[in-house]
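This briefing walks through strand pairing and helix packing in the structure shown below.

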Amino acid sequence: MRVAVVGGGPGGLYAAALLARQGHHVEVWERGAPEDTFGFGVVLSDETLGGIERADTVVHAALGAEFVRWDDVEVVHRGRLLTSGGHGFAALGRRRLLEILHERCAGLGVRIRFRTPAPDVDELARTHDLVVAADGVHSTTRENGAAHFRPTVTEGRCRYIWLAADFAFEAFRFEIAETAHGVMQLHAYPYSDDSSTVIVEMREEAWRAAGFDLCDEQESASRCAKIFSEALRGRPLRGNRSAWTRFRTVENARWSHGNVVLLGDAAHTAHFSIGSGTKLAVEDALALAEALAAVPGEEAGAAGAGAAGPAPDGVPAAGVARALAAYEAARRPAVASTQRAAAASMRWFEEIQGYVGQPARQFAFNLLTRSRRVTHENLRLRDARFTRAVEEEFGCPTGEVGEVSAAGEAGAGGAAGTPPMFTPFTLRGLTLRNRVVVAPMDMYSARDGVPGDFHLVHLGERALGGAGLVMTEMVCVSAEGRITPGCTGLWTSEQTAAWKRIVDFVHTSAPGTALGVQLGHSGRKGSTRVMWEGMDEPLPEGNWPLVAASALPYRPGVSAVPRALDAADLAVLRSDFAAAAVRAAECGFDLLELHCAHGYLLSGFLSPLTNHRDDAYGGPLENRLRFPLEVFDAVRAVWPGDRPMTVRISATDWAPGGTTPDEAERIAAAFAAHGADAVDVSTGQVVSDETPEYGRSYQTPYADRIRNALGVPVIAVGAISSWDDVNSLLLAGRADLCAVGRPHLYDPHWTLHAAADQGYEGPGAPWPAPYRAGSRKPPAGKG
């Protein structure tokens, strides 16, 4: 094939070399000179290097001779240096990387046109079998083909600048400077024996307040050197056409169109704080070459060596199209995972102001695990001493040692002492034996609001499974407040007696397990079918009237239109919630949670998307908060003073114009001021056209922000699926309790099994006496 590569960065050059090795005729267009480059050092992972070694030993050997390697990460927090080892980095100068790739391309016959802008992409597509667009974050190819690629580009909230120091740091170093203008941070790492990359980053408002928006490159470098003079040992910083910028996250709906394919930053970007830009581009090149190599020669290479133009229409095009589809299919999952991690890391640094008050070791652990790729267990394997010091600072008891296997090592998790998730936590007069909560999950299995044997078994089984706190589903305060006919309630004496039976069973058969009740009202989301018959679908018959903050249906054209509540209705609802709370206290529940999330009645008052009132209960947030707070106060007044009360909120609506993170903070602060002992931070389900950013632990950043901004205890929830995630969130100070839902449906004894996996046998996870014989994992069959 004839291949055109637009852009002579590492990704484009490596793709050119790999395709030339396959016998294709490759030309590269690079608008810069051979010696031109931006930035300074490049970090590559062992995984990427392994791929390079398999694909091209010549390039791998050349890189291996140049790399600077180190294992440590240094974190400086308020003058205190903490070091964590075992991380394994390899870096080299970006200019040297380009030189190696230039030499390899020249040896393979690749023609590189330096100082030459590429021809129009349509022309290249006509005269070549394949066009590889590796023209960077500001890709002209992508923008010209926006109708096909459908790019999305978003900018971060920080400004940063790439600089260099003429000495080698001994480790990857993170340092913060708390200035009069705001927090500034330094990211630095060595890339040769006498040089280091130094990135200085800060929020946009701090950047402007400090006057950096008025500084040129030289003055910026000079001022940054003064701010971080201790880290730099008084040495200067230098630039390389360096300018302050905001990170641009690039995503594309499609990576190819016809015979044109995007590669590297043209297709996707990942924040520099996880060091994956060059890594992703190189891995793209590897995947593209593999995909093309897998296409039969008569399809992908019918043009043949020395062909004057592309092969006859249809023959190579079909093969190339299949190869490009295979390339994208292979790379998208890995890129999406990296971008999620990068987004979490970027947001962490954007919100760093909320973390600087943490204890030093917790701050360092939080920083190291910010992207969720490094976890508590992973970090324990890298540096057990550092991790143990973090655990001790957190308050993990050291006297209880996990079960030791025959090989002399701790059990699967290997924790020596008490894992963070099995430390106690106190809310008002209730001390939970561990930090695991069985999340509220609607079962839709009641009759006339009465919980039956199913609920006894469902909640009782999970109470026996070891969690510190088991929550009921949303228990409705009136018949009209049900979501479905299968929802439970607490508006009759029969319901009260049924719930008391369940509470008594838990307290008797699973002593030490707390049982919490969640009170709520469906609002505009009521009178629907049970989930497995059609979620949010109205009942075909037997409907009841809906009420809400405003007369807005949940699903326009599908859901019934609710009646907007008037003053008399609000008074009745306050009484309904208070009466249900009195019944809940009579049942003996240990904790009460008020459901103000997920678009149900009280949530409908909080969100500007669902509250269009023009009275004292609508408009600004202070007004939208008024009725939920009145209900909270009414419930708190009748709920026993020694028992804790929490509130669940949706911290974002995942929709334009909805609740913002700043408003979520204010909502949480208002409930805390009225006596909420903890805030259960969920998200979404407020409007039907939401677009959540799903992923592992995807809701926890909202809990994290509220906890560290307000100092109020939080319950984190949202795709927390492993005990390692729970330990990581707790140790990092992002949550106080973790609500785990679906894993407890898969395994009712999830918490006890988490203890067994970590070799823990302490008071935080006692096995019920009848189950103790099964407290060890059964031996597996021999393979």
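Two strands are taken to pair if DSSP finds at least two bridges between them, and the elements themselves are DSSP runs numbered from the N terminus, helices being H or I with at least four residues and strands E with at least two. This is a predicted model, in which local features need pLDDT of at least 70, side-chain atom pairs count only at pLDDT 80 or more, and totals for chains, interfaces and linings use all residues. Residues are numbered from 1 along each chain as its sequence is written, and side-chain values use heavy atoms, with hydrogens and water left out.

**Strand β1 and its partners**
- Strand β1 (residues 2–6) pairs in the parallel sense with β2 (residues 25–29) over 5 bridges, and R2 stands opposite H25 in β2.
- With β9 (residues 130–133), β1 also runs parallel, joined by 4 bridges, and here V5 stands opposite V132.
- Of the 5 residues of β1, 4 are buried, that is, under 20% relative accessible area with a 1.4 Å probe and protein chains only.

**The antiparallel sheet**
- An open sheet of 3 strands has the order β3-β7-β4 with antiparallel pairing; its edge strands, β3 (41–44) and β4 (68–70), each pair on one side only.
- Strands β4 and β7 (residues 89–93) are linked antiparallel by 3 bridges, and W70 stands opposite F89 in β7.

**Helix on the sheet**
- Helix α2 (residues 46–55) packs on this sheet and touches β3, β4 and β7, contact meaning heavy atoms within 4.5 Å.

Key
Buried < 20%, exposed > 50% of the residue type's maximum accessible area, 1.4 Å probe, protein only. Axes fitted to C-alpha atoms, helices over the stretch in contact; angles between N-to-C directions.
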